[in-house]
Amino acid sequence: MSEKLTPFVRDVVLPAGPDVVPRLAEAACSFRLAYHPSPIHRWGIFAMEPIPARRRVIEYTGERIKPDEVRRRGVRPRIYIFWVSPRVAIDGAIGGSGAEFINHSCAPNLIARKRHGRIHLVSLRPIEAGEELLLDYQVSGDAPLTPCRCGTPQCRGYLNRQDDLL
Ligand SMILES: [Zn+2]
């Protein structure tokens, strides 16, 4: 079967496939983190020690790609692409630190800080050991509406930005 795969499918689509198991790059993590099955969606990333507020928790890494390539990779069912600027995005499915497995919540405990072309996920409040790390994806642009399953009282129903829902 594998000889029938095109390079695009093999190198770009499969790394974001449903069978992928998370892997955490220690160098990208500022605290002890681990992956476990998540009550929200498949795998999640969890704090293994208390994390104070306003601290870098993990860097979001991956392949740096241009808007044309982002569109090409839009055929994938899962969201691992994070815009750093209007011209550059990071595809966490390829060379990702594990931060790409952090689930979305409409009531997150992390926020993305973009600086000098890099993305760090920073704690919004103190996070307890054992808590799942959560980020508001703020999916934007022409991305299709993706229903949210975070189950929080603040849930807006979709992973997409509030502005794109109006
Ligand atoms: Zn939600």
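Mentor: A residue counts as buried under 20% relative accessible area, as exposed over 50%, and as partly exposed in between. Please keep in mind that the model is predicted.

Trainee: Is His36 buried, partly exposed or exposed?

Mentor: His36 belongs to strand β1, which covers residues 33–37. Its relative accessibility is 35%. Buried requires a value under 20% and exposed a value over 50%, so the class of His36 is partly exposed.

Trainee: How far apart in space are His36 and Glu132, C-alpha to C-alpha?

Mentor: In sequence, 96 residues separate His36 from Glu132. In space, the distance between their C-alpha atoms is 9.0 Å.

Trainee: Is Pro147 buried or exposed?

Mentor: Pro147 lies in the loop between β10 (134–135) and α3 (162–165). Pro147 and Tyr60 are 87 residues apart in sequence, with 23 Å between their C-alpha atoms. Because its relative accessibility is 55%, Pro147 is exposed.

Trainee: Which element gives the most to the lining of the largest pocket?

Mentor: The volume of this pocket is about 1,400 Å³. Its lining comprises 46 residues, with Ile79, Tyr80, Ile81, Tyr137 and Val139 nearest the centre. At least two lining residues come from each of α2 (67–72), β5 (81–83), β7 (103–104) and β8 (110–115). With 4 residues, the element that gives the most is β8.

Trainee: How many residues of the lining of the largest pocket are nonpolar?

Mentor: The lining residues fall into nonpolar, polar and charged groups. Of these residues, 7 are polar and 11 are charged. The nonpolar count is 28.

Trainee: With which residue does the side chain of Arg73 make a polar contact?

Mentor: Arg73 sits in the loop between α2 and β5. Its relative accessible area is 5%, so Arg73 is buried. The contact joins two side chains at 3.2 Å, and the partner of Arg73 is Glu63.

Trainee: What is phi of Arg54?

Mentor: Arg54 occupies the loop between β2 (43–47) and β3 (56–60). Arg54 counts as exposed because its relative accessibility is 70%. Phi is positive here in a residue other than glycine, and the value for Arg54 is near 60 degrees.

Trainee: What is phi of His116?

Mentor: The loop between β8 and β9 (118–123) holds His116. With a relative accessible area of 72%, His116 is exposed. Phi of His116 is likewise positive in a residue other than glycine, at near 50 degrees.

Trainee: Is Gly98 buried or exposed?

Mentor: Gly98 is placed in the loop between β6 (89–91) and β7. Gly98 and Leu5 are 93 residues apart in sequence and 26 Å apart in space, C-alpha to C-alpha. Because its relative accessibility is 0%, Gly98 counts as buried.

Terms used: Residues numbered from 1 in each chain as written. Predicted model: local features only at pLDDT ≥ 70, side-chain atom pairs only at ≥ 80, totals over all residues. Heavy atoms only, no water. 1 Å grid on protein atoms, 1.4 Å probe; cavity = no way out; pocket = protein on both sides within 12 Å on 5 of 7 lines; lining within 4 Å. Points joined across faces, edges and corners; volume = space filled by probe spheres on them. Nonpolar A, V, L, I, M, F, W, Y, C, P; charged D, E, K, R; others polar. Buried < 20%, exposed > 50% of the residue type's maximum accessible area, 1.4 Å probe, protein only. Polar contact = N/O pair within 3.5 Å; in protein donor to acceptor, adjacent residues only side chain to side chain.
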